[in-house]
Amino acid sequence: MADTFSTEVIDVDTGSTETVHDLTAACTAFLRAAARGRDGLLNVFVPHATAGIAVIETGAGSDDDLLAVLRDLLPADDRWQHRHGSRGHGRDHVLPALVPPHATLPVIGGRLELGTWQSVVLVDTNRDNHHRNVRLSFLG
């Protein structure tokens, strides 16, 4: 299985504000070494209870729009049963139900097959945890 499966954990500092962090370059760099021109699947997984992985357009406002929608759907107020951390932190624990903690994407000829405007992103609304790990795994 060593020839067909490779995995690596990357560290991401998301800062103290809600963020959409682009992982596409890190995925591309990982696949260069792991896929070595082969077809397969890339799984991107964030092992945190308060973050998710999405495939969206970035840089044209969609990332800000996503955060705005999440603020509307999951307000940072006192309605949440889960109450540790900063005000409204309970909403961060609901986020992975809307933005799952993983994505599995096709790799063709060692390259990530995304649409023209698509990027792989880490979505993090948790202002209490600035350090995230993201596991990249190639199966091919």
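1. The structure holds six salt bridges, each a side-chain nitrogen of Lys or Arg within 4 Å of a carboxyl oxygen of Asp or Glu. This is a predicted model: local features need pLDDT of at least 70, side-chain atom pairs count only at pLDDT 80 or more, and totals for chains, interfaces and linings use all residues. Residues are numbered from 1 along each chain as its sequence is written, and side-chain values use heavy atoms, with hydrogens and water left out.

2. Salt bridges link Glu18, Arg71, Arg91 and Asp92 in a network. Within it, Arg91 pairs with Asp92, with the closest N and O atoms 3.4 Å apart. Arg91 counts as buried because its relative accessibility is 2%; buried means under 20% relative accessible area, exposed over 50%, partly exposed in between (1.4 Å probe, protein chains only). Asp92 is buried too, at 3%.

3. Asp124 and Arg132 form a salt bridge at 2.9 Å, N to O. Both residues are buried. Asp77 and Arg79 also meet in a salt bridge, at 2.6 Å.

4. Now helix H2, residues 62–73. Helices (H or I, at least four residues) and strands (E, at least two) are DSSP runs, numbered from the N terminus. At 1.5 Å times one less than its number of residues, the 12-residue H2 should span 16 Å, and its end C-alpha atoms are 16 Å apart, which agrees.

5. Asp63, Leu66, Leu67 and Leu70 of H2 are buried. They cover an arc of only 95 degrees around the axis, so they lie on the same side of H2; the arc is taken from the directions from the helix axis to the C-beta atoms. Asp64, Asp65 and Asp72 are exposed on the other side.

6. The cover over the buried residues of H2 includes strands S2 (19–22), S4 (51–56) and S7 (119–124), and helix H3 (90–98). Contact here means heavy atoms within 4.5 Å.
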